[in-house]
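This report describes selected features of one protein chain. Please keep the structure in view while reading.

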Amino acid sequence: MSAPPLKKPVVTEREARQVAEAARERDWRKPSFAKELFLGRFRLDLIHPHPLPTDEAVRRGEQFLTKLRAFCETKVDGALIEREARIPDEVINGLKELGALGMKIDPKYGGLGLTQVYYNKALALVGSASPAIGVLLSAHQSIGVPQPLKLFGTPEQKQKFLPRCARTDISAFLLTEPDVGSDPARLATTAVPDGDDYVLDGVKLWTTNGVVADLLVVMARVPKSDGHKGGITAFVVETDTPGVTVENRNAFMGLRGIENGVTRFHQVRVPAANRIGPEGAGLKIALTTLNTGRLSLPASGVAAGKWCLKIAREWSEAREQWGKPIAHHEAVGAKISFIAATTFALEAVLDLSSQMADEDRNDIRIEGALAKLFASEMGWRIADELVQIRGGRGFETADSLRARGERAVPAEQMLRDLRINRIFEGSTEIMHLLIAREAVDAHLSVAGDLIDPEKSLSDKARAGANAGVFYAKWLPKLVAGTGQLPRAYAEFHPAGHPDLSAHLRYVERSARKLARSTFYAMSRWQGRMETKQAFLGRIVDIGAELFAMSAACVRAELLRTTEGHGREAYQLADVFCRQSRLRVEELFGRLWSNTDDVDRKVVKGVLGGAYEWLEQGVIDPSGDGPWIADATPGASEKENVHRPIR
């Protein structure tokens with residue numbers, strides 16, 4: 001039977017938080033460098049010496065990169081994809097033949113079995129040729145059918161779907177709805193049990209790859225009933241199933257070639273055998289998948305940084321102003337230094353996080369989130385700086401530059417394409433909250449009941465006793481540490497190289513300061529801590545900078561001992577750490593000296609209409625229409641624009 005038309009579930013803020021909390025991985029079975037960092041413990045031993053891939057992983061990875069580079073250089077026309085807002089079918093079919101759809105899929109299912117490190121290198125390479133192709137491959141493998149099945153699928157499901165995903169079938173991940181973004185507690189798409197099937201009804205928005213996909217991972221709410229636990233559940237759905245309609249192909253300011261749409265399900269029958277995991281496990285599956293899936297976005301940031309550095313170098317040598325190349329003017333030179341140093345750090349963060357994911361001896365849920373957050377913000381800044389260095393030519397399109405006889409540098413496209421990374425797979429604001437929750441997990445584990453208004457006095461008493469024991473041991477360790485020893489981390493100061501040991505000592509001291517600041521905030525605000533989103537965002541940003549500094553130093557030492565660019569790597573790491581330390585000091589200052597209180601007052605005034613007079617004197621070109629489109633379940637009234645690749 002199908003579900004009757006439903007209104008969006010109405011939930012309180014507390015209920016929404018409870019849904020998100022239930023989906024979290026609660027246990028820490030493996031060590032985590034970033035988790036320890038937020039607790040004030042600088043565990044350099046968890047990342048140094050830098051983990052390395054096996055010789056076999058390198059051989060297979062480099063072999064594929066060689067083939068992929070040749071394909072991109074001869075078969076991919078990024079400018080054409082940008083102009084026509086579509087990846088040609090022959091390009092997608094060429095990628096299929098190359099095995100690019102199965103980069104992360106085990107060879108026993110027909111995939112290439114690449115490591116996370118080489119998967120990201122491949123995404124960076126193909127994304128530099130066309131960001132839209134990078135997104136297509138990433139959405140297919142990082143969050144589409146292959147990854148959830150790899151982690152949670154049954155042997156039968158893997159045997160049925162993974163060979164198709166490796167060679168022929170494109171997949172997509174469907175969670176977001178017109179009125180549901182990062183608040184899955186209000187998910188309205190339903191999957192009603194009916195015999196050996198489930199019947200899906202609902203509408204999904206921003207379905208990347210959805211327009212061309214053959215297979216979908218769909219999150220839907222199963223009603224609780226006899227024999228059914230219910231809850232948000234994941235399903236594999238064939239897009240050619242009756243009742244599946246792609247109602248619209250969405251268009252965006254950037255990534256114009258991506259196949260992103262609106263998908264409606266009306267009485268779509270899905271076999272129970274296609275359910276991934278048990279009922280109610282959908283959000284946990286999604287979050288676990290994203291632990292490594294988020295690393296695909298830093299790959300695009302690294303690719304952007306490398307390209308921006310190349311263009312900045314070449315242009316700044318060729319362009320002269322006031323008698324010398326603009327690179328020799330300090331205002332421009334500072335931007336070039338930022339691009340170079342930050343690109344080095346981005347690659348350090350990505351490679352370290354990816355290699356840790358491959359080794360699987362560390363829990364990288366925080367590292368992956370920090371990598372996504374840091375790369376999406378810094379990648380955008382790098383692209384913005386390139387546009388500024390290019391001046392008017394940075395604002396001009398590549399086609400326009402080409403038409404008047406100049407090199408067709410798509411700087412403005414890079415800026416547009418990268419903007420979505422600050423929203424994709426968890427916006428910066430959501431990432432702040434997600435990482436902050438993990439960062440304070442140890443505190444909530446021992447003292448959470450103290451600030452929970454629903455807990456009894458006896459529960460609070462027990463929590464108080466546990467907290468007393470924990471803090472009696474923990475707080476004294478935040479007073480002094482290795483970072484205060486002048487010769488600590490001496491191996492990071494080899495003769496003839498910049499002194500990176502000083503930066504690592506700074507990271508150690510700052511980690512303890514960060515942990516103290518978090519404790520002070522929890523003591524001050526207690527149960528209101530979760531509402532202090534600006535404060536929590538700064539805490540997370542400090543942690544991201546400290547993680548990036550650590551990764552940059554460790555990577556520089558790796559390159560010094562294994563490759564021929566050690567001196568240059570040390571210089572880049574040193575400059576990045578100096579720039580990062582300035583940002584960290586500013587963030588620490590803004591923890592306690594900021595405009596958060598008055599900002600809230602202004603927001604209250606804006607929403608209350610107190611400043612409507614300030615809006616006068618302009619014309620609103622947005623026209624009429626609802627802010628959020630109607631997503632009432634029912635039969636589709638639109639043409640199906642699903643376009644399978646043939």
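Contact, as the word is used here, means heavy atoms within 4.5 Å. The model under discussion is predicted.

## Histidine 503 and its surroundings

Helix α20 holds histidine 503. Leaving out residues up to four places away in sequence, histidine 503 touches Met549, Cys553, Asp574, Cys577, Arg578 and Arg581. The relative accessible area of histidine 503 is 4%, so this residue is buried, the cut-off for that term being under 20%.

Histidine 503 may also be placed relative to glutamate 429, which is 74 residues away along the chain. The C-alpha atoms of the two residues are separated by 28 Å.

## Threonine 518 in helix α20

Helix α20, which covers residues 501-525, also contains threonine 518. Is threonine 518 buried or exposed? Its relative accessibility is 5%, and threonine 518 therefore counts as buried.

When neighbours within four places in sequence are set aside, threonine 518 is in contact with Val440, His443, Met529 and Ile539.

## The nonpolar cores

The largest nonpolar core has 127 residues. Which of its residues touch the most other members? They are Ile133, Leu137, Leu370, Phe492 and Phe576. Helix α21, residues 533-562, gives the most to this core, namely 16 residues.

Apart from neighbours within four places in sequence, phenylalanine 492 is in contact with Leu44, His48, Pro498, Asp499, Leu500, Ser501, Leu504, Cys553, Val554, Glu557 and Tyr570. One of these contacts, His48, also takes part in a cis peptide bond, discussed under the backbone below.

## Helix α13 and its two partners

Two packed helices are described by the angle between their axes and the distance between the axes. The axes of helix α12, residues 330-359, and helix α13, residues 365-390, cross at roughly 155° and come within 10 Å. Since angles over 145 degrees count as roughly antiparallel, α12 is therefore roughly antiparallel to α13. Their crossing is left-handed. On the α12 side the contact includes Val332, Ile336, Phe338, Ile339 and Leu346, while among the residues of α13 are Ala371, Phe374, Ala375, Met378 and Ile382. The residues of this contact comprise 14 nonpolar, five polar and four charged.

Helix α13 also meets α21: their axes come within 10 Å and cross at roughly 95°. Angles of 65 to 115 degrees count as roughly perpendicular, and α13 is therefore roughly perpendicular to α21. Glu367, Leu370, Leu373, Phe374 and Met378 of α13 make this contact with Val540, Asp541, Gly543, Ala544, Glu545, Phe547 and Ala548 of α21. By class, there are eight nonpolar, one polar and three charged residues in the contact. Leu370, listed here for α13, is also among the core residues that touch the most other members.

## Helices α11 and α16

Helix α11, residues 296-318, and helix α16, residues 411-419, have axes that come within 12 Å and cross at roughly 160°. How is α11 oriented relative to α16? The crossing angle makes α11 roughly antiparallel to α16.

The crossing of these two helices is left-handed. Ser300, Ala304, Trp307 and Cys308 belong to the α11 side, and they meet Ala411, Met414 and Leu418 in α16. Of the residues in this contact, six are nonpolar, one is polar and none is charged.

## Points along the backbone

The peptide bond from histidine 48 to proline 49 is cis, and its omega is near 0°. Proline 49 lies in the loop between α2 (33-38) and α3 (55-75).

Two tryptophans may be considered next. Tryptophan 206, in strand β3 (residues 197-208), has a phi near 55°, which is a positive value in a residue other than glycine. Tryptophan 322 also has a positive phi, about 55°, although it is not a glycine. Tryptophan 322 is found in the loop between β9 (320-321) and β10 (324-325). With a relative accessible area of 78%, tryptophan 322 is exposed, because that term applies over 50%.

Technical notes:
Residues are numbered from 1 along each chain as its sequence is written. This is a predicted model: local features need pLDDT of at least 70, side-chain atom pairs count only at pLDDT 80 or more; totals for chains, interfaces and linings use all residues. Side-chain values use heavy atoms; hydrogens and water are left out. Axes are lines fitted to C-alpha atoms, for helices over the stretch in contact, and angles run from 0 to 180 degrees between N-to-C directions. Helices (H or I, at least four residues) and strands (E, at least two) are DSSP runs, numbered from the N terminus. Angles under 35 degrees count as roughly parallel, over 145 as roughly antiparallel, 65 to 115 as roughly perpendicular and the rest as oblique. A crossing is left-handed if the near helix is turned anticlockwise from the far one by less than a right angle, and right-handed if clockwise. Ala, Val, Leu, Ile, Met, Phe, Trp, Tyr, Cys and Pro count as nonpolar, Asp, Glu, Lys and Arg as charged, and the others, Gly among them, as polar. A nonpolar core is a set of buried Ala, Val, Leu, Ile, Met, Phe, Trp, Tyr and Cys residues joined through side-chain atoms within 4.5 Å. Buried means under 20% relative accessible area, exposed over 50%, partly exposed in between (1.4 Å probe, protein chains only).
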